[in-house]
Amino acid sequence: MAVKRAHLLLSLLLVVLLQCHLQTVFCDDVKVTVKSATNIASTDDNFICATLDWWPPQKCNYDQCPWGNTSIINLDLNNTILNKAVSAFNPLRIRIGGTLEDKVLYDVGHAIDNCPDFSTSNGLFGFTNGCLHRQRWDEVTNFMKNNKVLLTFGLNALIGRTKASNSDLYEGDWDGRNARDLIEYTYLIGYDVESWELGNELCGGGVGARVDAQQYGKDMIMLRAIVDSVYEDSTYKPKVLGPGGFFDKQWFDEFLQSSGPNIVDGVTHHIYNLGPGDAPDLLQKIQDPVYLSEVAQTFKDAQTSVSQYGPWSAPWIGESGGAYNSGGKYVSHTFVDSFWYLDQLGMTSTFDHKVYCRQSLIGGNYGLLNTTSFIPNPDYYSALLWHRLMGTGVLSTTHEGSPYLRTYSHCSKQKASLTKT
């Protein structure tokens, strides 16, 4: 047969088998249809992304403390397995962020006088402010550069604001001086951050803290001005991302209208559709196609909001670990989790999302790497295979058969030669 599209040449089919039937050993025959004439969506070349978080070892949920020394502050960046695992993607996209990013100060420049380390407290998120010291930032950027990482860095979006009385709302303008110091220093040492993101889970109802949509749009304009100013003489311009939180259509629509054209490059939202990490039915949810499909509406709504109010931008999944509060102790690092993870990658890409950041590269129960040994968990290989095989063109794919079979297809990552049989 002759291959009809030179740019397709090989259509790669990803088939995720959730569960044929509890009582059977084999599946029924299935007919899969792939329409290769046109793409229905597209992803970024580096769709696969993993996160590094700020949580110190004292971060605990459900009578367990699964983070250990995996914070961006204390992670052993010289670990051989870690370096090999990251460099294998050539490149891997990494997002540094998470709940405590809005309590991190940067020990560069002159915008702050005191830069303490994290300690437990009764305040917001259970910890005091923490510090990213200049020496540690140098170590982090060297690690990223040596492993050809595309880095997204989440900036503290609460600095300068005042908490409203009897409310989680934080009011006032964002103070971008400390962020500017970090961005300027990073530029001067010659490290190219691929994108700068503002804030973590402060949109909509927020998680412990929230910011008004119009105010957030105003702050994004400030971040864009800082980035444009610092990189004014550079041929390379980092992207600007936000808001990095759970999708609320009304809030996101207002945010995009407030920030205006060509401010936000990536509209980032978070997904934890499996519920809490201690949910007794977590395993059942992962294997239930009806339950897994419910989140498609969120992906569609995010795509619609960006299309209507921010067509210069694109939707990203900025963080997704499946089960929140550090993931499921006996589930999130095991083989069965790939039934959720691969389905998420396939489903999200059909709704024109450009990037999918997995929480986490290492840390918690949902890390792609083991917290102590750094040895890859099963989802690491799912991520690596997707990165190496699946191209940016998303194809329309349907199947006739069991609902427990999930099918997605993309153009191949590498072009094959034309063949005839």
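Which residues form a nonpolar patch on the surface, with about 170 Å² of accessible area together? I found Val30, Val32 and Val34. I took patches as residues with over 30% relative accessible area and no salt bridge, with nonpolar side chains (Val, Leu, Ile, Met, Phe, Trp, Tyr) joined within 5 Å and like charges within 9 Å. Accessible areas come from the Shrake-Rupley method with a 1.4 Å probe, and for residues only the protein chains shown count as cover.

**Ground rules**

I note that this is a predicted model, in which local features need pLDDT of at least 70 and side-chain atom pairs count only at pLDDT 80 or more, while totals for chains, interfaces and linings use all residues. Residues are numbered from 1 along each chain as its sequence is written, and side-chain values use heavy atoms, with hydrogens and water left out.

**Entry: valine 30**

I placed valine 30 in the loop between strand E1 (11-17) and strand E2 (31-35). Helices (H or I, at least four residues) and strands (E, at least two) are DSSP runs, numbered from the N terminus. Valine 30 has 33% relative accessibility, so it counts as partly exposed. The classes are buried under 20% relative accessible area, exposed over 50%, and partly exposed in between (1.4 Å probe, protein chains only).

**Entry: strand E8**

I looked up strand E8, residues 150-155, and found 5 of its 6 residues buried, so the strand is largely enclosed by the rest of the structure. Strand E5 (residues 93-96) pairs with E8 in the parallel sense over 4 bridges. Pairing requires that DSSP finds at least two bridges between the strands. Isoleucine 96 has phenylalanine 153 in E8 as its bridge partner. E8 is also joined by 4 bridges to strand E11 (residues 195-198), and these two run parallel. Here leucine 155 has leucine 198 in E11 as its bridge partner.

**Entry: arginine 161**

I then went to the loop between E8 and strand E9 (162-163), where arginine 161 sits. Is arginine 161 buried or exposed? Arginine 161 is buried, because its relative accessibility is 9%. Its side chain makes a polar contact of 2.5 Å with the side chain of aspartate 219. A polar contact is a pair of N or O atoms within 3.5 Å; within protein, one must be able to donate a hydrogen and the other to accept it, and residues adjacent in sequence count only if both atoms are side-chain atoms. A polar atom of the arginine 161 side chain also lies 2.8 Å from the backbone oxygen of glycine 172. Leaving out residues up to four places away in sequence, I listed the residues that arginine 161 touches, among them Tyr170, Trp174, Val211 and Gln215. Contact means heavy atoms within 4.5 Å.

**Entry: salt bridges**

How many salt bridges does the structure hold? I noted 19. The criterion is a side-chain nitrogen of Lys or Arg within 4 Å of a carboxyl oxygen of Asp or Glu.

One of them joins the side chains of glutamate 197 and arginine 95 at 3.0 Å, N to O. This pair links distant parts of the chain, with glutamate 197 in strand E11 and arginine 95 in strand E5, 102 residues apart. Both residues are buried.

Within helix H4 (residues 213-230), aspartate 228 and arginine 224 lie 4 residues apart, about one turn of the helix. Their closest N and O atoms are 3.6 Å apart in a salt bridge. Aspartate 228 is partly exposed at 34% relative accessible area, whereas arginine 224 is buried at 10%.

In helix H5 (residues 249-259), lysine 249 and aspartate 253 are also 4 residues apart, about one turn of the helix. Their salt bridge has its closest N and O atoms 2.9 Å apart. Lysine 249 is partly exposed at 29% relative accessibility, and aspartate 253 is buried at 10%.

I also noted a network of salt bridges that links Asp44, Arg93, Glu194 and Lys239.

Proline 276 lies in strand E14 (residues 275-276) and is partly exposed, with a relative accessible area of 24%. I found proline 276 and tyrosine 324 to be 48 residues apart in sequence and 5.0 Å apart in space, C-alpha to C-alpha. Beyond four places in sequence, proline 276 touches Tyr62, Ala323 and Tyr324.

Glutamate 294 is in the loop between helix H7 (289-293) and helix H8 (296-309). Glutamate 294 is exposed, with a relative accessible area of 52%. Between glutamate 294 and isoleucine 40 I noted 254 residues in sequence separation and 20 Å in space, C-alpha to C-alpha.
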